[in-house]
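This report describes the fold and selected local features of one protein chain. The sequence and the three-dimensional structure are shown first.

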Amino acid sequence: MFKKILKGGHRKPSKSDSTENYAFGPPGSHNPGSVVVNHASRPVLNAPEQNSSPSAPIAPPPLSTAAVEPLPLLRDVPVSERQSLFLRKLQICSYQLDFTNMLKTVREKEVKRRTLLELVDFFQSGSGKITEVCQEEMIKMVAINIFRCLPPASHENTGQEVTDPEEEETHLDPSWPHLQLVYELLLRYVVSSDTDTKVAKRYIDHSFVLKLIDLFDSEDPREREYLKTILHRIYGKFMVHRPFIRKAINNIFYRFIYETERYNGIGELLEILGSIINGFALPMKEEHKLFLARALIPLHKPKPVATYHHQLSYCVTQFVEKDYKLADTVIRGLLKYWPVTNCQKEVLFLGELEEVLEATQSAEFQRCMVPLFRQIARCLNSPHFQVSERALFFWNNEHIVGLIAQNRHVVLPLIFEALEKNILGHWNQAVHGLTVNVRKMFMEVDAELFEECRRQYEEKTAGAREVEDQREMTWKRLADVAGEREGGNLVAV
């Protein structure tokens, strides 16, 4: 199994989440006149009034050249004046600037960039302890900058045909030089040891977190990377938000699976969940098992699964490693969504299946081995050599070979015919060689069983040949009768 995607320690659980330990190391311009991205994945909430919510963005004053002027550095003014200067700097950072034209308001953009950079350094230097008023205004400034209407994807409202997400050109936000600093400031605020969660949760509330999760649909991978780290840190620090965050991510997955099959941040959200699952305590809550069955396993269904399969496979394997009794559920789920015509997707499924089987115990293996090896037999005979080869690699895994050996009386009859067909007629030499090795392995483990399977296969082959001969004779007789009738009709004419 590949290395864990995410690393991290464990945090002491709170009363509200007493059965969950959480590994919280990093996983890996909302203008009042603009429209907030409104995803159907959002749970139904009684949204607070804009003015009453701390996370509701404040309207920046009208932009004027005189308003965006360089201010003195925070370290250069007396301590008594720093709060007012800090608030003035936040006001400068709240101005919305046009990045579609890089030659427009160049001086204002540079002033704002330098101001944001100073605020980031202010937190990074360890002197980031600020008053509640400054914290509230800073979160409002962050909201104004990052909560914005995301541009439509290339296939939306353009009449273009929907293309593979892997083939689409990546959209890079032109305002990223400023956005990056805003995200960095938010990250420094969240991870700072001076940030009191009891105070900060008034401003980083459910509304703020929900809008933050909506931004994962951004096409800019740099933005999604920052969002992943920030949301992960919020989950680790604000225990009161944990159930809400999991529910919001679930809703995004449901909409992606059953409605759109398009969402840019599925991989990043799965990376966060991989770290969360790693911290689940045992016995596992029923809520978490339902999440596996209703969200993670159906995520194998959408066409773009290849774009996030690495992270998805990690999450699923984590569940089986945490609770081996879930192996049967996972394996049957994979078989339910097994691809029929997509060979590359089959290769991914076979790789994930091997990782799951590595964590599977004998009792769970026995529950699902019949449908499992029927599917593996089909893969062995696949004309696509990568699928057949990947299935034969299962016999290179000692744990899987041990499970097969214990249950060889069930497994060998299921796959014997597939092995013989590969030896007799598979076009790829590598597949032919691997099949010979697997066949030899079974012969050495239980020669008597192997001979019995070969005898049954030969009887079945002879019976099939006999049926085919009878079919050909029947068609020949029909052809002769038809010829005689046709000849009779010609004589009569």
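## Overall architecture

The model is predicted. Its secondary structure consists of 19 helices and 0 strands. The chain has 493 residues, and buried residues make up 48% of them. The accessible surface comes to about 24800 Å², with 53% of this area belonging to carbon and sulfur atoms.

Helix α8 comprises the 19 residues 242–260. At 1.5 Å a residue, a helix of this number of residues should span 27 Å; the end C-alpha atoms of α8 lie 26 Å apart, so the two values agree.

The buried residues of α8 are R242, F244, I245, R246, A248, I249, N250, N251, I252, F253, F256 and I257. Among the elements that cover these buried residues are α6 (206–214), α7 (221–237), α9 (266–278) and α10 (286–296).

Helix α8 is followed by E261, a residue in the loop between α8 and α9. The phi angle of E261 is positive, near 55°, although this residue is not a glycine. Most residues other than glycine have a negative phi.

## The nonpolar core

The largest nonpolar core contains 125 residues. Those with the most contacts inside this core are F86, M138, I204, F253, L270, L296 and F373. Helix α4 (residues 176–191) gives the most to this core, contributing 10 residues.

F253 is also one of the buried residues of α8. Residues up to four places away in sequence aside, F253 touches I266, L269, L270, L273, F291, A295 and L299. Of these partners, L270 is itself listed among the core residues with the most contacts.

T360 is located in the loop between α13 (343–358) and α14 (362–380).

The side chain of T360 reaches the backbone oxygen of V356 at 2.7 Å. When neighbours within four places in sequence are left aside, the contacts of T360 are A327, I331, F365, H399 and L403.

## R408 in helix α17

R408 belongs to helix α17, which covers residues 408–425. Its relative accessibility of 24% makes R408 partly exposed.

R408 and F442 are 34 residues apart along the chain, while their C-alpha atoms are separated by 8.3 Å. Apart from neighbours within four places in sequence, R408 is in contact with P413, V445, D446 and L449.

## Backbone geometry in two further loops

T105 is found in the loop between α1 (79–93) and α2 (106–124). Its phi is positive, at about 45°, although T105 is not a glycine. At 24% relative accessibility, T105 counts as partly exposed.

Which form does the peptide bond from L282 to P283 take, cis or trans? This bond is cis, with omega near 0°. P283 is placed in the loop between α9 and α10. Most peptide bonds are trans.

How values were computed:
Residues are numbered from 1 along each chain as its sequence is written. This is a predicted model: local features need pLDDT of at least 70, side-chain atom pairs count only at pLDDT 80 or more; totals for chains, interfaces and linings use all residues. Side-chain values use heavy atoms; hydrogens and water are left out. Helices (H or I, at least four residues) and strands (E, at least two) are DSSP runs, numbered from the N terminus. Buried means under 20% relative accessible area, exposed over 50%, partly exposed in between (1.4 Å probe, protein chains only). Accessible areas come from the Shrake-Rupley method with a 1.4 Å probe; for residues, only the protein chains shown count as cover. The expected span of a helix is 1.5 Å times one less than its number of residues. Contact means heavy atoms within 4.5 Å. A nonpolar core is a set of buried Ala, Val, Leu, Ile, Met, Phe, Trp, Tyr and Cys residues joined through side-chain atoms within 4.5 Å. A polar contact is a pair of N or O atoms within 3.5 Å; within protein, one must be able to donate a hydrogen and the other to accept it, and residues adjacent in sequence count only if both atoms are side-chain atoms.
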